[in-house]
Amino acid sequence: MNKKKKKVVLVDIFFQHLAQTGIKTYTDNLLTQIEKYEGDSFTFIITPSKESINTSKMFKGKTARWKNLWFQWRYFTHKLFILPLLSIWYKADIVFSPDILSPIWSIGKRVSVIHDAFFWETPEHYNKFWRKFYLFLLQTSVNLGTEVITVSHYAKASVAKYLSTSFITAIPTGLDLKIKRPDENEQPPLPKPYFLHVGVVEKRKNLKMLIEAFAVFLASKGSDYLLVLVGQRGPREALDDFDGVLSMVKKYQLENKVIFTGYLSREELTSYYKFAMAYVFPSTNEGFGLPVLEAFSYGLPVLIGPQGALQEVGGDAVLVSESFDAKDFANIMLRISKDPQLYGSLQQLGYRRLSLFTGQKFLLSLTDYFNRISNE
């Protein structure tokens, strides 16, 4: 009996040369799950190789304008010409682009992962000519048959308002996260209790409001608390909000209360997670919210604003402020600091919620989807 031929999935990770935020985490997790794949339905081909991505440092961090232009030229050349040719070379059944944009032609089915609706909802954060060209290519690719995955049902509803297609499927991502607790002899990184936020300092993260909320919290609770902001400047000048956040810290005279750690190693970051009082995530615009799951794995209560994707991921395991007003967010900071029973309840609910978003479930949903579209 002839052995069933595996379908070829060509996975494009070129954007990893530049990616620093959610797309990077999504793609890194995707590659981890692919490495664990033992099924007999698919062969996954990664292009470019992980090794070439890891050794290339040219586009990492804050880059000069000429480097950004050089990357964009390489990126669009890759998408429009190189990737289609690779699909022919590898006889791909599916060309999978986890970084939003698929080529406008290739052999096999084309699938894009659109993580959010930022391009449409916040046009002021992008160069208008670049944005127009990018969205033109995206819509053209979709018009020519590219199917779309989103990372949450909230993201699906958001994207569907702007993208002309009926082929959008929500496949929530997942992470392989183990429960992590402090070791018996482990010491906290700071001498006082602290709230924690991890992520690049971008405008949509709403950190200026968080600083104001923290000031309100301190005025009500007392000064024996800190706020720790882990992360670097936003990768693009239009999105970066570091200077604005710093000005808020100075305005409320919180220089000794707000800690900017910058980049941390995984070991250092783990220590900050383990000993935090709670994770604060007031972002106004997210497609999924992987930091929520990360915080759950450390047993942290998670405090969010009324943002759809974060509420979808967090469910009943997050504490949601009534609005994005600083006083409302300060109220939930006060609640978690005063109520040990609420703290314990959210911790247990977070552990349970985490089990719904595993890497294994994510890859199973993805391969089921690939099977379905390749048999249509």
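Trainee: Which residue in β10 is the bridge partner of Leu196?

Mentor: In this predicted model, Leu196 has Tyr279 of β10 as its bridge partner.

Trainee: What makes β7 and β10 count as paired strands?

Mentor: Pairing calls for at least two bridges between the strands. Two bridges join β7 (residues 194-198) to β10 (residues 278-281), so the pair meets that cut-off. The two strands run parallel.

Trainee: Where do they sit in the sheet, and how many strands does the sheet have?

Mentor: The open sheet is formed by six strands, with parallel pairing, in the order β9-β8-β7-β10-β11-β12.

Trainee: Why are β9 and β12 called edge strands?

Mentor: β9 (258-262) and β12 (318-320) each have a single partner strand, so one side of each has no neighbour in the sheet. Ignoring direction, neighbouring strands here are turned by 25° against each other on average.

Trainee: Which strands does α12 touch?

Mentor: Helix α12 packs on the sheet and touches β7, β10, β11 (302-304) and β12. Its direction makes about 165° with that of β11.

Trainee: Why are α12 and α13 described as roughly perpendicular?

Mentor: The axes of α12 (residues 326-338) and α13 (residues 340-354) cross at roughly 100°. Angles of 65 to 115 degrees count as roughly perpendicular, and therefore the two helices are roughly perpendicular to each other. Their axes come within 5 Å.

Trainee: What makes up that contact?

Mentor: Arg335, Ile336 and Lys338 of α12 meet Pro340, Leu342, Tyr343 and Leu346 of α13. By class, the contact has five nonpolar, two charged and no polar residues.

Terms used
Residues numbered from 1 in each chain as written. Predicted model: local features only at pLDDT ≥ 70, side-chain atom pairs only at ≥ 80, totals over all residues. Heavy atoms only, no water. Axes fitted to C-alpha atoms, helices over the stretch in contact; angles between N-to-C directions. Helix = DSSP H or I, 4+ residues; strand = E, 2+ residues; numbered from the N terminus. Parallel < 35°, antiparallel > 145°, perpendicular 65-115°, else oblique. Contact = heavy atoms within 4.5 Å. Nonpolar A, V, L, I, M, F, W, Y, C, P; charged D, E, K, R; others polar.
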